[in-house]
Amino acid sequence: MSDLFSVIQYYFTFDFVRYAFLVGTLIALCSALFGVILVLKRFSFIGDGLSHTAFGALAVATVLRVSNPLYVVLPVTAVLAVLLLKAGQNRKIKGDASLAMVSVGALAVGYLLLNILPASTNVSGDVCGTLFGATSILTLSKADVLLCMALALTVTVLFVVLYNRIFSITFDENFARSMGIHTGAYNTIVAIVTAVIIVLAMNLVGSLLVSALVVFPALSAMRLFRSFRGVTLGSAVLGTLCAAIGILGSIILSVPVGPAVVAVNIIAFLLFFVLGKAFNR
Amino acid sequence: MPYIECRDISLGYGGKVIAEDISFAVEEGDYLCIVGENGAGKSTLVKTLLGLENPIKGEVVVDSYISKNSIGYLPQQTDFQRDFPATVREIVLSGCIARYGKQPFFGKRQRNLAEENMKKLGIENLKNKCYRELSGGQQQRVLLARTLCAAKKLLLLDEPAAGLDPVATNDMYHLVMDLNRQEDITVVMVSHDIKAAVRHSKHILHLGDGEMFFGTAEEYSKSKVGTRFLNSDKCGRCEE
């Protein structure tokens with residue numbers, strides 16, 4: 001046990017490990033908070049679709065050799081998120097089908113572009129990293145860390161300040177509108193924040209695994225807690241804890257960060273599922 | 001001056017008209033039931049009164065005394081609400097948002113208001129229960145308590161008895177009637193149940209193809225369209 005502790009202590013003497021840990025847990029916290037809204041609004045699939053599109057945007061940015069791909073990926077994903085949430089409300093357009101089309105298309109075109117115009121010698125290595133988040137979080141620069149932290153803190157503060165309105169809109173949008181809440185504006189905020197979270201979370205777990213970070217903590221918390229506040233707090237704590245354990249585990253066992261974090265989330269879900277069955281009979 | 005007055009309004013979506021030339025007024029203390037077949041535009045009319053939708057033609061005049069913040073709206077329940085993880089208290093309290101300005105959190109005044117309305121509707125003992133574990137009738141009481149937090153003058157209820165069993169339905173109608181008579185709250189209710197509507201309400205607005213009717217409940221039961229709908233459960237072929 002003390003061996004394990006000293007291994008962790010040793011790794012934490014490195015700046016990049018500390019950065020990775022800090023950014024990773026913060027990202028997990030925001031994903032878990034907004035995950036509650038997305039799951040309750042039945043928008044879970046949007047996270048998945050957005051991350052695939054973000055992969056396409058990242059490929060375009062890489063091929064164009066943009067100095068910081070975030071400047072391309074973030075706006076593209078945000079615009080798509082707004083369009084998708086709007087389409088989800090309009091029953092005439094088949095939201096899920098159009099999303100499937102866009103997300104798969106973005107994956108394919110992105111991979112094609114990377115192969116036709118390779119930006120490095122190891123295309124498949126790069127792609128694997130982007131999809132499953134192999135190393136990117138360990139190679140973050142100080143500027144990236146600061147940007148991630150600023151965004152993550154903004155998102156968290158936004159959630160806390162808007163908490164009551166978010167609850168009202170998530171539970172009953174029509175009623176919220178009748179009270180004079182500008183639900184359209186809030187939905188746009190939720191869409192943009194979702195895009196920001198997805199793009200940030202891609203650094204941690206890679207684009208294929210992003211929705212796990214968004215969906216798992218909320219679903220686990222819902223097994224056990226029966227109030228909205230309980231679910232929100234539970235999801236936030238659980239998401240952060242799972243990310244922390246996952247990152248530490250990946251360092252100790254030298255396995256990729258993304259799958260490790262998701263695996264911890266799966267275990268937590270099973271645990272909460274059993275606990276929920278035991279307590280809420 | 002009436003609380004709400006509609007002058008020759010037409011309703012519809014995307015250029016398609018679903019109801020035309022609707023004129024009526026809601027006075028203080030009134031109990032108006034809006035009846036008619038499915039798709040006649042009842043829910044759309046309620047949304048129009050709230051200002052959530054615009055009429056295609058005509059105008060809706062809402063008394064400035066009533067304004068947006070003193071109207072309480074009870075929308076139809078959506079499927080996903082039925083298993084929403086929230087306590088009764090959280091849901092009732094969310095109706096108080098209309099009563100706070102820019103501050104982000106609820107204060108003592110809002111909490112007391114929520115408490116008071118839970119007491120009024122007899123759901124105080126359920127306040128820490130999870131919404132999804134309640135019966136349909138209890139859920140509807142919770143939503144009504146939330147609506148009462150939003151407004152004291154005027155309630156717009158969209159099928160409050162939808163999906164309830166006969167006992168809970170009756171219970172709901174009496175609750176609304178008590179609010180109207182004892183608390184002096186003006187009620188506008190969309191209903192499928194024409195018989196109950198005639199029994200409980202003061203005025204009836206009937207929407208439908210070329211059979212618009214607006215008048216007192218008594219006049220409605222004597223009118224041509226009223227008698228036809230009131231007797232619609234009597235099947236001509238089964239009678240001896």
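Does the radius of gyration of chain B, with 240 residues, point to what kind of fold: a compact globule or an extended chain? What radius would a compact globule have? I put the radius for a compact globule of 240 residues near 18 Å, and chain B has 18 Å, so the two agree. I am working with a predicted model.

**Chain B, overall**

I counted eight helices and nine strands in chain B. Along the principal axes, its C-alpha atoms fill a box of roughly 55 × 45 × 35 Å. I find 53% of the 240 residues buried. I then looked at contacts between residues at least 6 apart in sequence: 65% of them join residues at least 24 apart. The accessible surface is about 11,400 Å², and carbon and sulfur atoms hold 46% of that.

**Charges**

Chain B carries 31 positive and 33 negative side chains. The centres of the two sets lie 7 Å apart.

**Salt bridges I looked up**

In chain A, K41(A) pairs with E173(A) at 3.0 Å, N to O. K41(A) sits in the loop between helix 2 and helix 3, while E173(A) is in helix 9, 132 residues apart. K41(A) is buried because its relative accessibility, 15%, is under the 20% cut-off. E173(A) is partly exposed at 24%.

In chain B, R7(B) meets E59(B), with the closest N and O atoms 3.0 Å apart. This pair links strand 1 to strand 4 across 52 residues. Both are partly exposed: R7(B) at 38%, E59(B) at 42%. E5(B) joins R7(B) and E59(B) in one network through shared partners.

I also noted K127(B) with E115(B), the closest N and O atoms being 2.8 Å apart. K127(B) lies in the loop between helix 3 and helix 4, E115(B) in helix 3. K127(B) is partly exposed at 24%.

Definitions and conventions
Residues numbered from 1 in each chain as written. Chains lettered and ligands numbered in written order. Predicted model: local features only at pLDDT ≥ 70, side-chain atom pairs only at ≥ 80, totals over all residues. Heavy atoms only, no water. Helix = DSSP H or I, 4+ residues; strand = E, 2+ residues; numbered from the N terminus. Rg over C-alpha atoms; globule rule 2.2 N^0.38 Å. Buried < 20%, exposed > 50% of the residue type's maximum accessible area, 1.4 Å probe, protein only. Contact = heavy atoms within 4.5 Å. Areas by Shrake-Rupley, 256 points an atom, 1.4 Å probe, with all protein chains shown as cover. Lys, Arg positive; Asp, Glu negative; His and termini not counted. Charge placed at Lys NZ, Arg CZ, Asp CG, Glu CD. Salt bridge = Lys/Arg side-chain N within 4 Å of Asp/Glu carboxyl O.
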